[in-house]
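Have the structure open while you read.

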Amino acid sequence: MFTGIIEAVGQIQTLQPRSGDVRVYIKTGKLDLDDVKLGDSIAVNGVCLTVVELPGDGFWADVSQETMRRSGFTELVVGSRVNLEKALTATTRLGGHLVSGHVDGVGKVLSRTEEARSVRFRIEAPAALARYIAEKGSITVDGTSLTVNGVDGAVFELNIVPHTLQETVMGDYQPGRPVNLEVDVIARYLERLLLGDKAAESGAASGINMAFLADNGFLKS
């Protein structure tokens with residue numbers, strides 16, 4: 001698990017195709033690796049990767065086909081800057097929100113607007129994720145825990161302060177850029193719990209529809 005508070009910005013140093021998937025070497029910059037050992041988890045742009053080698057100034061990790069399908073990892077090239085966060089510990093401050101490091105889908109930056117010293121971004125999420133995104137709720141974008149400032153269908157807005165722009169890759173964002181999205185895990189569990197016994201039925205994983213909520217009294221005033 002992670003908090004969504006980015007600890008450092010790293011850089012993709014090497015990408016090696018390996019029998020259908022990829023092994024990646026990431027230089028970690030100011031990220032302290034003194035307490036990292038083989039098998040530990042590090043989030044890279046919100047993707048939880050397992051450390052398989054520690055050469056000193058970074059780490060190697062394997063990226064599976066599943067990860068490449070689910071995330072924007074295929075958009076990364078040698079030299080790409082990436083957000084980094086080590087897995088939380090029992091003594092870590094939970095400054096953001098609980099983040100699993102399992103990307104739910106890839107969104108797209110629609111616009112970037114200067115607003116005083118901040119920047120307002122409009123990002124379009126995949127339609128299937130729209131129901132999990134709520135105004136003033138939490139969302140993870142490329143591993144960064146953020147507050148949703150507005151929602152219009154599958155499009156949401158973020159107001160990003162100068163510190164976040166400087167300490168994450170969000171300062172690089174321009175319209176058209178793909179971004180990894182992870183919705184609030186509480187929303188996902190709540191949806192599943194509301195299915196009740198229907199959760200065991202085939203197709204239940206597609207989520208709750210309005211008819212189901214009405215039939216079970218959740219929409220009664």
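## The cavity

How many cavities of 30 Å³ or more does the structure hold? There is one, and the largest cavity has a volume of about 40 Å³. A cavity here is a set of points, on a 1 Å grid over the protein atoms alone, where a 1.4 Å probe fits but cannot get out; lining residues have an atom within 4 Å of a point. Grid points are joined across faces, edges and corners, and a volume is the space filled by probe spheres set on the points. Rolling a probe the size of a water molecule over the atoms shows where empty space is left.

The lining of the largest cavity is made by Asn 45, Gly 46, Val 103, Thr 140, Asp 142, Gly 143, Asn 180, Leu 181 and Glu 182. Strand E13 (residues 178–183) gives the largest share of that lining, three residues. Strands (E, at least two residues) and helices (H or I, at least four) are DSSP runs, numbered from the N terminus. By class, the lining has two nonpolar, five polar and two charged residues. Ala, Val, Leu, Ile, Met, Phe, Trp, Tyr, Cys and Pro count as nonpolar, Asp, Glu, Lys and Arg as charged, and the others, Gly among them, as polar.

## What kind of model this is

This is a predicted model: local features need pLDDT of at least 70, side-chain atom pairs count only at pLDDT 80 or more, and totals for chains, interfaces and linings use all residues. Residues are numbered from 1 along each chain as its sequence is written, and side-chain values use heavy atoms, with hydrogens and water left out.

## A pocket

Now for an open space: a pocket is an open set of points with protein on both sides within 12 Å along at least five of seven lines. The second largest pocket has a volume of about 280 Å³. It is lined by 17 residues, and the closest to its centre are Glu 7, Lys 86, Ala 87, Leu 88 and Thr 89. Strand E3 (41–44) and E6 are the elements that give two or more residues to this lining. Its classes come out as six nonpolar, four polar and seven charged residues.

## Salt bridges

The structure holds 14 salt bridges, each a side-chain nitrogen of Lys or Arg within 4 Å of a carboxyl oxygen of Asp or Glu. One of them joins Glu 66 and Arg 69 (3.1 Å, N to O). Those two sit three residues apart in helix H1 (residues 65–70), so about one helical turn separates them. Glu 66 is partly exposed at 37% relative accessible area, while Arg 69 is exposed at 59%. Buried means under 20% relative accessible area, exposed over 50%, partly exposed in between (1.4 Å probe, protein chains only).

Lys 37 pairs with Asp 40 at 3.3 Å, N to O, and Lys 37 is exposed at 55%. Glu 115 bridges to Arg 120, with the closest N and O atoms 3.2 Å apart. Arg 23, Glu 53 and Asp 62 are linked in a network of salt bridges.

## Two positive phi angles

Which residue has a positive phi of about 55° although it is not a glycine? That's Ala 116, in the loop between strand E7 (105–115) and strand E8 (118–124). Ala 116 is exposed, at 81% relative accessibility.

Lys 136 also isn't a glycine, and its phi is positive, near 70°. Lys 136 lies in the loop between E8 and strand E9 (138–141) and is exposed at 58%.
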